[in-house]
Structures are given as structure tokens and as C-alpha cells.
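Welcome, and please take a moment to look at the model below. We will walk through it together, one region at a time.

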Amino acid sequence: MSQTAAIPLSGTLDRPVLRGRAVSRPETVLAWTVAVVAAVLLTAAVLFLSAGGRWFVVETPSMGEAAPVGTLVLDLPVDVDTLAVGDVVSFATDANPGVVYTHRIIGIDAEGLHTRGDINGATDPWTLTQHDVIGAPVLLVPHLGWLFRAAPILLVGTLLIWTLTSAFTDRVTRTCLRIAGGALTTSYAAFVLKPFVNVTTITNTSSPHGVEATIVSSGIFPVRVDAHGGNSVHLVDGQVGRVVIEELTKNGHYQLTSNIDLDPMGWAALILVCLVPLVLCLAVGRVEPVRAS
């Protein structure tokens with residue numbers, strides 16, 4: 001008579017092989033949270049647009065720290081009679097059609113409104129009336145405008161990557177390629193738009209000590225600007241600084257170098273964000289122990 005011993009079954013299966021996995025409570029909460037937030041944002045957008053609201057993205061550093069480059073400006077219609085000196089308005093002029101400005105009111109007289117950007121040296125060369133004013137900002141959201149500017153690149157890149165990776169039947173390979181492709185698309189958008197580090201020279205004048213340059217930071221990260229043969233300044237988004245360059249090149253030129261200038265906590269946060277694609281790929285490809293019931 002033969003005997004057969006029962007051997008307990010154990011082993012591991014790739015996560016993609018598992019089927020019918022129950023949705024966990026945290027995943028359910030996350031899904032509902034995303035749905036509620038999306039519904040609230042959609043409702044707010046509909047109400048805003050129905051009230052005549054318009055939105056713009058700041059593309060020049062003329063407003064300094066009040067509205068740095070990449071700021072999302074949400075405007076509502078306004079009566080010019082209710083405006084006062086110091087208010088910020090968005091407007092368009094017949095002298096430069098198709099361009100919308102968001103500047104501060106520095107004077108009001110019988111002819112209309114006079115405006116100027118916070119870091120501009122000269123008053124705007126026009127007088128505004130009700131016809132010119134688009135609205136007054138009800139909300140200025142720093143940095144969010146970069147996402148709107150990057151949206152076309154991100155959308156086209158995502159659709160392209162999704163299509164190219166659909167040929168892979170293995171879910172781990174397909175998902176990891178899509179994560180890597182998303183990171184590559186985001187990096188390309190950052191390379192084209194330069195939202196993180198960007199320094200613009202506003203003016204430069206000669207002085208007895210060399211050249212004095214006025215610069216403004218128009219990137220998200222704080223930066224340290226070093227003038228070769230001169231001083232260094234630390235700038236945050238929209239901040240104006242001055243450097244004096246005492247040593248010029250043979251051609252009479254000067255050189256400025258800008259680098260990210262974060263504190264230790266900022267560097268740690270930046271490194272963690274850069275590691276997100278790697279962590280997601282590891283999470284997708286990890287294995288789970290499976291035991292026979």
C-alpha cells in the first residue's frame with residue numbers, strides 16, 4: 001500500500017499575475033477623495049467662468065514678487081470707478097493688441113488709470129479706461145501657471161507613450177515604461193520652459209568699479225547668482241538683485257552663473273521627488289507571498 005504525504009504549498013507570484021485582488025480601504029478613500037476634489041474644482045471653474053472670469057499666466061517678471069513668472073492670475077470684471085491706487089488690474093490696449101498686462105495702478109486722474117509693473121523703471125505709456133480694463137485679480141496662484149503652460153507638452157507626450165507601450169503584454173514592463181516615459185516627458189517640458197531656474201538681466205550700467213547689473217529671478221527655486229569677478233546674490237522667485245562685476249572679459253563682456261540654492265531640507269525634498277519614478281517602478285514590480293488556502 002502506498003502513502004502520499006501532503007506538502008504545504010507556498011511560493012511567490014508576480015503582482016500582475018494576481019487576479020481579483022480586493023480593493024483596500026486606503027485605495028477606496030483615495031479614489032473618493034480625488035473624485036470629490038475634481039468635482040469641487042469643476043464646479044468652481046463653471047461658477048467662475050459664468051461670472052465673466054478669465055485666467056492668464058504671467059510670462060514676464062515685471063510684477064516682481066507680487067506675481068512672479070508662472071503665476072496663475074484669476075480675474076473678475078471690475079468697474080474702474082471702484083479701483084484705487086495700489087490695486088492690480090489686468091488690461092489690454094489697442095497699441096499692443098493681443099497682449100494682456102497685469103500691472104499695478106500708480107495714479108488716477110480725469111483721463112483714466114496710470115499703471116506700472118512693480119520692478120519696471122518707467123510708467124506704462126498709456127492711460128487706461130473702462131474699455132481697456134479686463135478685470136482685477138481675485139486670486140494669484142504662484143507657480144501653478146507653469147502647469148498650464150506645460151499641459152500641451154505633457155498631454156502629447158503622455159498620449160504618445162501610452163500608445164507606444166500598449167504593444168507590451170506584460171503589465172510590469174508596460175507600466176514601468178509608462179512611468180519612465182512620464183518622467184522623460186516632464187523633464188523635456190522643464191527643459192523647454194525652464195520653470196525651475198531662470199535669471200533675467202533687467203539693466204546694466206557702467207560704474208567706476210566696473211559694470212552694475214540689475215537681475216531678477218523668474219524660476220521656482222531660490223538661486224545663487226555669481227558674477228565672475230564680482231559679488232554674489234541670493235534670490236527667490238520674482239526678487240530683484242544687483243551685482244557689480246569688476247573684471248570683464250577681453251571683449252568687455254561679463255558672465256553670470258546661477259545655481260539652485262536650497263537649504264538641507266529643500267535638497268532632501270527635491271531628491272525624494274526625483275526618486276518617485278524609481279519607487280513607483282519598484283512598487284509595480286515587487287512580488288507578494290501567496291499561500292494555498
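The paragraphs that follow look at aromatic rings, a strand, a helix and some cysteines.

This is a predicted model, in which local features need pLDDT of at least 70 and side-chain atom pairs count only at pLDDT 80 or more, while totals for chains, interfaces and linings use all residues. Residues are numbered from 1 along each chain as its sequence is written, and side-chain values use heavy atoms, with hydrogens and water left out.

Let us begin with the rings. A pair of aromatic rings is described by the distance of the centres and the angle of the planes. Here, rings of Phe, Tyr and Trp (its six-membered ring) pair if their centres lie within 6.5 Å; planes under 30 degrees apart count as stacked, over 60 as edge-to-face and the rest as tilted. The count by this rule is 5 aromatic pairs. In one of them, the ring centres of phenylalanine 91 and tyrosine 101 are 5.5 Å apart with planes at 20°, so this pair is stacked. Phenylalanine 91 belongs to strand S4 (residues 88-91) and tyrosine 101 to strand S5 (residues 101-109), so the pair ties together parts that are 10 residues apart in sequence. Strands (E, at least two residues) and helices (H or I, at least four) are DSSP runs, numbered from the N terminus.

Follow tyrosine 101 to its other partner here, tryptophan 126: their ring centres are 5.2 Å apart and their planes at 50°, so this pair is tilted. Tryptophan 126 sits in the loop between strand S6 (112-116) and strand S7 (133-141), and tyrosine 101 in strand S5, so the pair ties together parts that are 25 residues apart in sequence. Together, Phe91, Tyr101 and Trp126 form one aromatic cluster. Both tyrosine 101 and tryptophan 126 are buried, where buried means under 20% relative accessible area, exposed over 50%, and partly exposed in between (1.4 Å probe, protein chains only). Phenylalanine 91 is buried as well.

Next, find proline 137 in strand S7. With a relative accessible area of 21%, proline 137 is partly exposed. Leaving aside neighbours within four places in sequence, proline 137 is in contact (heavy atoms within 4.5 Å) with residues including Val73, Val88 and Thr102.

Now turn to helix H3 (residues 171-193), the place of threonine 185. The expected span of a helix is 1.5 Å times one less than its number of residues. For the 23 residues of H3 that gives 33 Å, and the end C-alpha atoms are 33 Å apart, which agrees. Among the buried residues of H3 are Cys176, Arg178 and Thr185, and its buried residues pack against helix H2 (144-165) and helix H5 (276-285). Threonine 185 counts as buried because its relative accessibility is 11%. Just after H3, lysine 194 takes a positive phi of about 55°.

Finally, the cysteines. A disulfide is a covalent bond between the sulfur atoms of two cysteines; here it is a pair of cysteine sulfur atoms within 2.5 Å. By this rule the model has 0 disulfides. Cysteine 176 is in none, as the nearest cysteine sulfur, that of cysteine 281, is 4.0 Å away. Cysteine 274, at 57% relative accessibility, counts as exposed.
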